[in-house]
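Student: Could you walk me through the aromatic rings and the nonpolar surface here?
Tutor: Gladly, let us take a look together.

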Amino acid sequence: MEFKPWFSKITASGLFMVLMGLFPTVALAAGAGAPHLEGKDLGLIWVIPFACMLLSIAIFPLVAPHFWHKNFGKVSGFWAVSFLIPFTIFFGYELALYETLHVGLLEYFPFIILLFSLFTVAGGVRVRGKLTGTPILNTIILLIGTALASFMGTTGAAMLLIRPLIRAMEHRKHKTHTVVFFIFLVANIGGSLTPLGDPPLFLGFLKGVDFFWPTVHMFLPMLFLSIVLLLLYFALDSFLYNREGPITTAPEAEESTDDVSFALDGKINLLLLVGVVAAVLMSGVWKPGISFDIYYVHVELQNIVRDVILLMLAYLSLKLTNDQSRKDNGFNWFPILEVGKLFIGIFITIIPAIAILKAGTSGALGVIVESVSTPEGEPVNYMYFWATGILSSFLDNAPTYLVFFNTTGSDVATLTGELSNTLLAISAGAVFMGANTYVGNAPNFMVRSIAEESGVPMPSFFGYMLWSGAVLIPCFVLLTFMFFI
């Protein structure tokens, strides 16, 4: 069933806008009565606010850093409004309200609640001791984080270890490269072995992919990338470490140095981190079949329970952790506030981009979707890897994974069987290439923000892409020849 919005009475100008792809068909969701955006009729012009949002993140910190630091939330809000106002005018408030509630209730708020709980709980764990950021110690921390990421999530592992790593490097001159490799390994590649590691794999689990399928099939690609990157990092850090000469410690720092070689404060937060992981897993396996409708948006009971548990765990962390310990840990709320304000703009302006992508070969990005199969319909695995990966670098990697998962046209049994290499290409592209940009995966941005708050100079948006282009892209090319051709 379809209906025409009120603006369809516009004649010449309305026809022109339709031809330009500004007015997609607004359809009723089958049996639900919910307005639905038809991405197959959307023109790429609707992606402009999202592109401007990304460019703002990339350019403003370079050309107007003081303005950006004070007003990044307003800039994010501006681009969100720049999309919502014309969207409301052209399609009506019903569709605009539905899409805003849909992305807010089902995506943004669960996303920010999970990040908030992980940020709060992990921020309560303080590592004390005589940690000196030598190449060996730094590499060991990267290795541990990479191993942990698949079992406590990339965000959890990153939030747990980034502060101890930065503290160990306190008296090093060259720190930036270590945080960049930390993002590569701990915040992305390490989360590829279980559905708990990264959202795309969790969605695959919900679609019926066996829990340990990524463990078996992603192990060799993940091992290859991890070994190569750890060796590259160790060589680079050793070179810079030798150039720096002996590490000197300021007198006031020497006075505050712990007598113990290693100790943990706030150990209760490690138990709370287990609770966070359990809450996320529970929401995926517990299906009570109960949901609540908020203007046609189905909010399921298990997700509400999960978010309540996550907020309670964050509250317990704040109550059970010594305030002075958090202060000594360099904990403050700016990183999570920055992510929250910026990603609300990203989540809203990304609505048309995801709709176009979901339209498959019928959408404005159909040429990308068509490229992953031969004319005979056979999957081209290396194209699945690169198409999923490149789009996941700038869009949300979870829906991108689902789009190409569904594009195969195969059931789960076939994808995990005879087409397992195709599913591997989709999974690897979504997880690995989230490391290509700061916005490719949520912990990327948070790690960068924490590092900058701690005084570590981080590359700009484009500067980071130079790092990923120089280090990661050659690795991905090698991975392509090893596994997908």
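Tutor: A charge sits over a ring if NZ of Lys or CZ of Arg is within 6 Å of the ring centre and within 35 degrees of the ring normal. Keep in mind that this is a predicted model.

Student: Over which ring does the charged end of arginine 448 sit?
Tutor: The charged end of arginine 448 is 5.3 Å from the centre of the ring in question. That ring belongs to tyrosine 438.

Student: How are the rings of phenylalanine 60 and tryptophan 68 arranged?
Tutor: Planes under 30 degrees apart count as stacked. Here the planes are at 5° and the centres 5.9 Å apart, so the pair of phenylalanine 60 and tryptophan 68 is stacked.

Student: Is tryptophan 68 buried or exposed?
Tutor: Buried means under 20% relative accessible area. Phenylalanine 60 has 27% and is partly exposed. Tryptophan 68 has a relative accessible area of 6%, so tryptophan 68 is buried.

Student: How many residues apart in sequence are the parts that phenylalanine 116 and tryptophan 333 tie together?
Tutor: Phenylalanine 116 belongs to helix α4 (residues 93-122), while tryptophan 333 is in the loop between α14 (323-328) and α15 (334-349). The pair therefore links parts of the chain whose separation in sequence is 217 residues.

Student: Which elements give two or more residues to the nonpolar patch?
Tutor: The patch covers about 570 Å² and is made by Ile268, Leu271, Val274, Tyr315, Leu316 and Leu320. Leucine 320, for one, is placed in helix α13. The elements giving two or more residues are α12 (268-285) and α13 (301-320).

Key:
Residues numbered from 1 in each chain as written. Predicted model: local features only at pLDDT ≥ 70, side-chain atom pairs only at ≥ 80, totals over all residues. Heavy atoms only, no water. Patch = residues over 30% accessible without salt bridge, like charges linked within 9 Å, V, L, I, M, F, W, Y side chains within 5 Å. Areas by Shrake-Rupley, 256 points an atom, 1.4 Å probe, with all protein chains shown as cover. Salt bridge = Lys/Arg side-chain N within 4 Å of Asp/Glu carboxyl O. Helix = DSSP H or I, 4+ residues; strand = E, 2+ residues; numbered from the N terminus. Phe/Tyr/Trp six-rings, centres within 6.5 Å; stacked < 30°, edge-to-face > 60°. Buried < 20%, exposed > 50% of the residue type's maximum accessible area, 1.4 Å probe, protein only.
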